[in-house]
Amino acid sequence: MGTMDLIRSQTETEGREQARPDPPTVTRRDAIVALSAGGMAAVAGRQDVWEDDDARTGPEAAPDHGMETLRSLTTVLYPSAVDVRDDFLSTYLFGRIAHDGSYKEALRAGVETLDELAREHHGAPFRLLNTDQQMRVLRESAVRSGESNPAGTAVQRLNYHVVDELLFALYASPTGGELLGNANSAGFPLDSGYVPWGTQ
Amino acid sequence: MSRTQSSDGDRTPIEDTEVCVIGAGPAGAILAYSLAERGHDVVVLEAGKRFEEKHRIDRLKRQHRSDHGVADTWEMGGDRDAYTTTGEHAWPVNKRRIKGVGGTTLRWGGVTPRLREKDFEMGSRYGVGRDWPISYADLQPYYARAEQEIGVAGDDNAPFQPPREVSYPMDPLPPSDTDQLFAQAGAELGIQVHSLPMAINSRAYSRTQDDGTDQHRYPAGSKYTAEVHVDKATAQGATLIDQAPVQRLEHGPDGEAITAAIYRTPVGDSHRQTADVFVVAAGTYETPRLLLLSESAQYPNGLANSSGTVGRYLLGHPPASVFGTLPDETTHQGEHGPQMSAGSYQFYENESAEQGSINIMFCNVAGPLPTQAALEGDRFGDELLQTVDDQYGTTVGMKLCTEMLPRADNRITLDSSKTDDAGNPVPSVQFEPGDFARRGQEKGIQVGTDLIKELGGTVRHAEGTMTTGHDQLPPRLKGGFHPLGGARMGTDPAESVVDETLQTHDLDNLYISGGSVFVTPGAANPALTIMALSLKAADHIHEALSFRTTRIDQ
C-alpha cells in the first residue's frame, strides 16, 4: 500500500522563498509572463499604437503622448515601490494588440477618456498632472470604483480595457508574485479561486 | 465521406448515415470516435457551438471578474437554456452545464476516479438503493480504455482504489504544498491522503493519433476535453454539425425504430437527419427532455418511456466544503495548475452503508487569487497591494462529494408554462437529496474540520447543501455539479429505460449514453464512468451494425 511522499526537505521549501530585488521593477520578462498567463504570445518589434491624427493639438499631439499617459496611469495603479519600465508596457500592450487588433482602439479611447477627466478636474492632460492630482482624478471619477464594462460608458470601458488589464499584468507577473510571496504568479490566473464566502 | 465542421454555415443532413449521435460532450464524443474509427458513418449533432480559441481566452478573462460568471463565459442561459425548478434544492443548472462542442468538459476539474465495486450493487450488498445490471468487472476493461484514451495521471499504489489490471497511463501529479500539509495532519489523525486520478498531463501525452496534427492548446493546461474525441472522430470521417439542437426524434409508423432526428439551425431551418442507429448523449437535463418532447401516439408518456421512468431517479453528489486559514503558513494557493491533486477516499466505503460514501478533494485554489483580489474593489497603488496581500496566501480547504440514494420523485419533467427559444416546454427539475447524503456530509465535514484544526488553523466555513439552507448558499456552493440519472439502466423493461448495452428497451435502434443511465451515483466524479459506458455502448452498436442486413427505409 503506497502513500504519498509527504515531507519535502526543508531546504527545498526554503529555496522557494526568493529575496525581493531592490527596487522591484516590472520588465519585459514580466510582460511576457503576464501575456502567456493570458494565453497570448509576446511579439518582437514594435507596432504603432498611435497613428498620426491631425485633429490633435497641444500636448496631446506629442508622438509619445499615448504611451506616456499609460505609463503615468500604470505608475499610479501600481505600488509606489515598483519601477515601471517602458519595455514592460510596450511588450504587454503590443502583445495584446497582436492578439486582438481591436485593442488598439480601446487603448486610444482609454487615453482620451483619461485626458478628458484630467482636463475636467485640473485643466491639463493626465500625464502632465502631478501624482496627487492623478490619484485624485481616479478617485473622483468612477475609475476603479465604478464598474468594468466593455460595452458601457467611457469610464467603464477604460476600467475594463485599460485599468483592469494593467492590474492583471502586474499581479500575474513574476514581479507581482514576488511582492506577494507567490512563486508562480502565472500558474493559475485565469480561473477564479474558490472562495466559499464569495458571491459567485 | 466526411465534413469536419459546419463553420462554413452548411448544416444540412448527411446521407447514408449509420449512427447519429446527439451531443458532443464526454459521452457522445468518445462514442462517435469509437464507431468512426471502425469505419462507421457517424454524424454528431450538437446544440451548442464550437468555442474557438481566440474567443476562449476573452471568455476566460471575463470570467475572472467577479461580476461575470461561468454562465456568461460559456453563453449559457437565456431562452435557449431556460428551465424551472421545484423543491428545496434548486440547482443553478446553467452555471453547471455547458452546451457546446466538448460539453461540460469545457469547464470541468478533470478528476477521473472509477466507481467502486460496491457502487454497482448497493441493493444486494446493503439493502439500499438498487443494483446496476452490470458489475464493476463488466466495466473494468472499458475503464482502462477510457483512461488510456483521455490520458489519466494517477498513482497505481494509492489506497482505497477498486481493482485495476493496468497501470495509469501517466504518473500522478505532484502533490501541492497544501496536499502535503493535509498529509501531515492526516498522518497524525490516521487519515490517509493520496493522489487523485486526473485527466491532466503529468508528462507529454499525445491524445491524438498523429503528433503533427495536434492543434490543441488549452489555456487552463493540458487537461482533457471532449473536443479531443470530436476531432479524432471527424479525422476518421465523422461529421460534426454544431448549433443544431435536436427538437424531437421521429419513429416509423409501427413505433419500433427511430427514423430521424429533427434539428433546427441558427437561421431557423428545420432538417431531418436519418440514420440506422441513434444515440442520445445530450446530458442529464436534455436527454430525458428530448424523450419526453418526442411523445407520440405509440409513446404517449414520452419516447422509450413504457416504464414511466424517463426523467425519474435523478441523482447527484450533494456537495460540502470545509475551508480555513492558517496563521503562520503561506499556502501557495493558485501556484499550481490543477485545481486539485490529492484527496482521501478513506471514507468512501463503509462496513454497513449507514451514510453516503464520501469523496474528499483538497483544493489548490482556496481563497482569492492575486489577480482576482486585485481586480476587486476600488483601491490602487500601495493600498491595493496591501489589500491583495491580506487576502492572498493563507487559505486551505477541500470540497467533498457525497452519495445519495435514488428516489422516484427526484425527476425531470416538462414544464409547459415556460418555453425555450424554439417554443418547446422547458425542463423542470425536482430534487431532494435525502438523509443518507446528509449523514455523509456531516461525517465528511467532521473529517475536514479535524484536519484543519490539526494544522492549527481556524475553520472559516464548514457547510454542505444538507447542513444549512440550500437557498442561502451562494451559487458556487449549491449542488448540481454531477447530475445523473433520468434514463436508468436495468434488466426489467418495466422499471428502467435502457438495458446493459445502453439500448432502450422500447426501440432497438435507440441508445442512450451519459450520466442519465446511472442507477446509483456512488460518490466518484462521474466523467470517467460516463466515458467507459460510452465505449461499451459503442462496442454493442458496432456489433449490431455488423449483423444488420437491411437499412431502414427512409
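This briefing describes the fold, the surface and selected backbone features of chain B. The model is predicted. Chain B contains 12 helices and 17 strands, and 64% of its 554 residues are buried.

**Overall dimensions and contacts**

- The C-alpha trace of chain B spans about 75 × 55 × 50 Å along its principal axes.
- Of the contacts in chain B between residues at least 6 apart in sequence, 72% join residues at least 24 apart.

**Surface and charges**

- Chain B has an accessible surface of about 19200 Å², and carbon and sulfur atoms contribute 43% of this area.

**Strand β7(B) and its partners**

- Strand β7 of chain B comprises residues 258–264; 6 of its 7 residues are buried, so the strand is largely enclosed by the rest of the structure.
- Strand β6 (residues 246–251) of chain B runs antiparallel to β7(B), and 5 bridges join the two.
- Within this pairing, Ile262(B) of β7(B) stands opposite Arg248(B).
- The hairpin of β6(B) and β7(B) has 6 residues between the strands, and Gly255(B) takes a positive phi near 75° there.
- Strand β8 (residues 270–274) of chain B also pairs with β7(B) in the antiparallel sense, over 5 bridges.
- Gln273(B) in β8(B) is the bridge partner of Ala261(B).
- In the hairpin of β7(B) and β8(B), 5 residues lie between the strands, and Gly268(B) has a positive phi near 95°.
- In a regular strand, side chains alternate between the two faces of the sheet.

- Asp16(B) is not a glycine, yet its phi is positive, at about 55°.
- Asp16(B) belongs to the segment before β1 (19–22) of chain B.
- The relative accessible area of Asp16(B) is 53%, so this residue counts as exposed, the cut-off being over 50%.
- Tyr313(B), likewise a residue other than glycine, has a positive phi near 60°.
- Tyr313(B) is placed in the loop between α8 (283–293) and β10 (319–325) of chain B.
- With a relative accessible area of 18%, Tyr313(B) is buried, since the cut-off for that class is under 20%.

Terms used
Residues numbered from 1 in each chain as written. Chains lettered and ligands numbered in written order. Predicted model: local features only at pLDDT ≥ 70, side-chain atom pairs only at ≥ 80, totals over all residues. Heavy atoms only, no water. Helix = DSSP H or I, 4+ residues; strand = E, 2+ residues; numbered from the N terminus. Buried < 20%, exposed > 50% of the residue type's maximum accessible area, 1.4 Å probe, protein only. Contact = heavy atoms within 4.5 Å. Areas by Shrake-Rupley, 256 points an atom, 1.4 Å probe, with all protein chains shown as cover. Pairing = 2+ DSSP bridges.
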